[in-house]
Structures are given as structure tokens and as C-alpha cells.
Amino acid sequence: MTVSPSPDLDHLAEAFAASLADLTPVAERRGNYVDAPVVARTYVSDRALPVTLVRSARALVLRRRAVVVVRARDGYRHITPGGRLEPGETVEEAVRREVLEECGWRLGALRPLGFEHVQHVDAPPPGFPAAGFLNPIFVAEGLSFHRSARDMTQSEVGSSLVSVARALRELPDWSATLLRSAHMR
């Protein structure tokens, strides 16, 4: 059975998308989500997010004067590990589980940093609102590293602590903007 978003969910997604007119994204990227082309716009904002539009959650993980940089199988490096919410899971539970699985870090307190607003380029797959969905981004201190907790079947194959100064030099502009924003909060 295919589940389609309810008219209420579509209305909520449209209203939230319209509310973004006063914000400027720090990044806009094209990619794929569930094998469908999407545009993801990243915002630094403490705006409240409707939880019914949240599909995944991410965290920028800091440890002393370093940031966790995650490496994917294809060589892509990024600073926002995370992933999809499982049924019945809260956003906080999801981000803690996903960061542990992807890079082995247990997290301290989560502080909101911003969010991604993701919209499908073509018609969305069944169950996705046409006006897009959300991925909150948090900042958290990495409390402890547990190599054995990593799930090596995922697309992430490793992570490392990189000095903030080096990350600002080597990572894409949008990552540097998020990292600078995390230090200001």
C-alpha cells in the first residue's frame, strides 16, 4: 500500500515553504534523496520546525577546537552526519543514533543551528509533500568516541577530528558558513 501525504500535510508544507521568504539560505545544493533529484537549501536559523515535516536530522559535532568530518564511500566529505528518523523515534533520538552509527560519537546537549529545506525537482515520491520536507541541524559536543558503534554498511566509511581552522580552509563554503555559525551560538 502506498501512503500519500494528507492534504493537511501538503498545506503545512506549502505554508512553511512560503514562510522562508524572509530567510536567505547559506547554501543550495542539488542531489538525490530516495533516488529522486532534490534541491536542498540550508538555513542558519532558530525557527521552530513542524515536526511532521521532518524526515531526518543532522548534527555538527565539535570536540575542543576540532570538528568531526565525515567521509563517504565516494570521497565526499562533510560536517553534518545524520539520517532518517525511524518510526516512533524523536528527532533527538534519531540524530543521536545516526551520529553514533555514522561516525561513532556520543553527543552532549543538542543546540539548534538551522535546517535543510529539501524539495523534489520533479513530482515527489509517494508519501512526500510536494512543497518539501525538513532536516534539522544541531550543534553538539562530541563526548566520547566508540569505534565499534559505527555501522559500516552505510555510505559513510570514516570520520576524523579536524581542527576548525583546517576545516574552514578545506571544506566547501557552505560547510565553513555552518561551522562559523556554530561557533557564534
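Predicted model: local features only at pLDDT ≥ 70, side-chain atom pairs only at ≥ 80, totals over all residues.
**Overall fold**

Four helices and nine strands make up the secondary structure of the protein chain. Their order along the sequence is α-β-β-β-β-β-β-α-β-β-β-α-α. The radius of gyration of the protein chain is 16 Å, which agrees with the value near 16 Å that a compact globule of 185 residues would have. Along the principal axes, the C-alpha atoms occupy a box of roughly 45 × 35 × 30 Å. Among contacts with a separation of 6 or more, 72% join residues 24 or more positions apart.

The table collects values for the whole protein chain.

| Property | Value |
|---|---|
| Residues counted as buried | 48% of 185 residues |
| Accessible surface | about 9500 Å² |
| Part of that surface from carbon and sulfur atoms | 51% |
| Positive side chains | 23 side chains |
| Negative side chains | 22 side chains |
| Distance between the centres of the two charge sets | 10 Å |

In soluble globular proteins, nonpolar side chains tend to be buried together. In this model the largest nonpolar core comprises 24 residues, and Ala59, Val95, Val99, Leu107 and Phe138 have the most contacts inside it. Two or more residues of this core come from each of helix H1 (7–19), strand S3 (56–63), strand S4 (66–72), helix H2 (91–103), strand S7 (105–120) and strand S8 (133–145). Another core, of 17 residues, lies apart from it and includes Val139, Leu171, Leu179 and Ala182.

Val99, one of the residues with the most contacts inside the largest core, touches Ala59, Val61, Pro81, Gly104, Trp105 and Leu107 when residues up to four places away in sequence are left out.

**Arg64**

Arg64 sits in the loop between S3 and S4. Its phi angle is near 55°, a positive value in a residue that is not glycine. Arg64 counts as exposed because its relative accessibility is 71%, and the cut-off for exposed is over 50%.

**Val157**

Val157 belongs to strand S9, which covers residues 156–163. Leaving out residues up to four places away in sequence, Val157 touches Arg71, Ala72, Arg73, Arg150 and Met152. Val157 and Gly75 are separated by 82 residues in sequence, while their C-alpha atoms are 9.1 Å apart in space.

Note on methods
Residues numbered from 1 in each chain as written. Heavy atoms only, no water. Rg over C-alpha atoms; globule rule 2.2 N^0.38 Å. Buried < 20%, exposed > 50% of the residue type's maximum accessible area, 1.4 Å probe, protein only. Contact = heavy atoms within 4.5 Å. Areas by Shrake-Rupley, 256 points an atom, 1.4 Å probe, with all protein chains shown as cover. Lys, Arg positive; Asp, Glu negative; His and termini not counted. Charge placed at Lys NZ, Arg CZ, Asp CG, Glu CD. Core = buried A, V, L, I, M, F, W, Y, C linked by side-chain atoms within 4.5 Å.
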